[in-house]
Amino acid sequence: MSLMKSPQAVAGAAVPRTAVRARSGMRAAGLLGALALLLAVLVLSLAVGARPLSVGQAWNGLLHEDSASYTVVHQMRLPRTLLGLLAGVALGLAGAVMQALTRNPLADPGLLGVNAGASAAVVSAISFLGISSFAGFVWFAFAGAGVVAVLLYAVGGGRGATPARLALAGSALNAALYSYVSAVQLLDTASLDRMRFWTVGSLAAAQPSTVVRVAPFVLAGLALALLLARPLNAMAMGEDAARALGARPARARIAAIAAVTLLSGAATAACGPIIFVGLMVPHLVRALTGPDLRWLLPYCAVLAPALMLGADVLGRVLVRPSELQVGIVMVVLGGPVFLYFVRRPRLARRPRGGAAA
Amino acid sequence: MSRAPRFATVRTPGGMSFRFRPRAFAVSGACLLAALGLGVLLIGSGDFPMGPADVVATLAGRGSPADSLIVNEIRLPRVGTALAVGAALGLSGAVFQSLVRNPLGSPDILGFSQGAASGVLAVVVLTGGGSVAVASGAAAGGLATGLLVYAVAGRGAAHGQRLILVGIGVAAILTGVNGYLLTQANITDAARAVLWLTGSLDGRDWSDSAPLLVALAVLGPLVLAGCGRALRMLEMGDDAAHGLGVPIERVRTIMLLAAVLLTSLAAAAAGPVSFVALTAPQLARRLTRTTGPNLLPALCMGAVLLVAADWIAQHAFAERRLPVGVVTGLLGGGYLVWLLVTERKTGRI
């Protein structure tokens, strides 16, 4: 009976197509709007600080070498802003990819211990091997993040995994890794003094050289994540369906884990473990774009840095003349959001397709 | 997986009867003996080593004055604190794991330890107070966190999964808050706070552990005798337990309150020692080979674990004495990974 299509069915198929076209137009417009928002936050991040600048002054300082605010903008604010941009992109995308990969709406590289894995590796590198440059410890961050990502996927991915199980496994790993981090810090008070700011997640110590070094990793991760949109979309329907649609689940899975490792390792090495960005942004975006990763991922890549820089600016304003680290602002903002998701009754009971949510 | 447990029954002429599992009692007794034995070893070790026989003699009051000073005034309080903290953590871990029906549902994962830590950090950073202030800070922080988690999880807190997830969220928030408090301290206070946050037994005397000992003496029998049976029935599900006459909400509230108090006071005495509450009930369950909450074996196992970890912490790295929390963290982390991998197959996590 499916061979014979009634005229209504054919006509019915045509209506959604124009609807889809209209929707993708709206999504593109929304993406432009998000970009505008990001730009606004970028300018704000250049202007706000211990010495407030007007937008015009910040702009002048950015462009003209003889401007009075050139030093402030170029030495202090620009590296910090760019680092926030990169870290935001990385964490937002890592969260979105993890949520799609594990089909778990609670996945977040910070909450699940991937960032803690990177921290543990970085702390060991600082303390035992005396490595203090970013170029040195970024590799340790990748190694740490990679090990945890694989372990988590082995435990919490696949069939029959509930969001609660993955979150629990992740937070248990988090606890183990943090007890290791504080153990190392105890044995080495000098490095504690440096690391206690790093382990809460801060952009304040941003150096131009860090920005230059972290950029290639984030860009590589970005490209990999965007390429994964299609296979991960297919995998949202289940392994068998994905295979039938021509995706290669095994390869996509490895690539996704690699992307998560690259992104969260780079972000953690650059500014310490920051949680909840990867959780909040994809959920917010999903409400705007729907589950299609081809739109969701670019939106995340734009809105996550906006959130990150917004939180950083907020941290600079809230407790003048001191400032609040971005990781702490994010926890205070993100914690309630997490609790809100947890309270929704259908979450805890059964596994649910993250992308199909 | 586990064999049907064998029961032994004692009947009195008056018609009273008492049914128990010999294996569970044997395991508890063995753990208790091991804990005491390790405690004697621990008392005997240090800069001024003593043989176990001397230690026992001194404890019994037949030692020289110098020995008596070292044993009774310096080392006994430390070992006593270790035993009490371990017992409290083992018991509260068993209660939590039974209530949320999940082997990972221990107080350090659910945020109560972090809450106690926030209380202590606030006291240390803001007032620089002494041990009484620190203890009350820990208890207040832990209780406030418990109330918060319970309130946010809502009436459906019956739903173990949601309680866990809310706890994880609250723990994450509090970790951030703790990090912030740490950056606000000067470096001396920060080093002290980090040492406390890891869990350490250095320099503990009876005044540190007194609140915990009182709590153990009161809450221990209450939990073990008063609610152990109800807890076992709750594991069969709320409906079944209700049908068997268990006042579900009341039992759950009492148990949560008792477990949170024990955790907080243990944290006040020695810092949030990680993973003892997670591993002790699991190991006890494997040894007794019975289902159910295994409260008494878990309590004894917790004491063994903490004393053993402290012994390792003092001896493993010859010139360097680590805080006990580092050893439990590292060993517990390894055990946890193993648990995650094996329990995945049975689908219990």
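How many residues of chain B are in contact with chain A? I started there, keeping in mind that this is a predicted model. I found 42 residues of chain B in contact with 37 residues of chain A.

Next I looked up where the chain B side comes from. Helices H4 (107-110), H7 (160-184), H8 (187-198) and H14 (324-346) of chain B each give two or more residues to it. H7(B) gives the most, with 15 residues. By type, I got 24 nonpolar, 15 polar and 3 charged residues on this side.

Then I turned to a helix pair inside chain B. H9 (residues 206-234) and H11 (residues 248-270) pack at about 150°, with their axes 9 Å apart. Over 145 degrees counts as roughly antiparallel, and H9(B) and H11(B) are therefore roughly antiparallel to each other. I noted a left-handed crossing where H9(B) passes H11(B).

I checked who meets whom. From H9(B) the contact takes in, among others, B:Leu212, B:Leu219, B:Val223 and B:Cys227; H11(B) brings residues including B:Ile254, B:Met255, B:Leu262 and B:Leu265. The contact residues split into 21 nonpolar, 1 polar and 1 charged.

Last stop was the largest nonpolar core, which has 233 residues. A:Leu93 and A:Val97 have the most contacts inside it. Helix H3 (residues 70-102) of chain A gives this core the most, with 18 residues.

What does A:Val97 touch, leaving aside its neighbours within four places in sequence? I listed A:Ala225, A:Leu228, A:Ala256, A:Ala259 and A:Val260.

Notes. Residues are numbered from 1 along each chain as its sequence is written. Chains are lettered from A and ligands numbered from 1 in the order in which they are written. This is a predicted model: local features need pLDDT of at least 70, side-chain atom pairs count only at pLDDT 80 or more; totals for chains, interfaces and linings use all residues. Axes are lines fitted to C-alpha atoms, for helices over the stretch in contact, and angles run from 0 to 180 degrees between N-to-C directions. Helices (H or I, at least four residues) and strands (E, at least two) are DSSP runs, numbered from the N terminus. Angles under 35 degrees count as roughly parallel, over 145 as roughly antiparallel, 65 to 115 as roughly perpendicular and the rest as oblique. A crossing is left-handed if the near helix is turned anticlockwise from the far one by less than a right angle, and right-handed if clockwise. Two residues are in contact if their C-beta atoms, placed from the backbone, lie within 7 Å. Ala, Val, Leu, Ile, Met, Phe, Trp, Tyr, Cys and Pro count as nonpolar, Asp, Glu, Lys and Arg as charged, and the others, Gly among them, as polar. A nonpolar core is a set of buried Ala, Val, Leu, Ile, Met, Phe, Trp, Tyr and Cys residues joined through C-beta atoms within 7 Å. A residue is buried if 20 or more other C-beta atoms lie within 10 Å of its own, exposed if 12 or fewer, and partly exposed in between; C-beta atoms are placed from the backbone.
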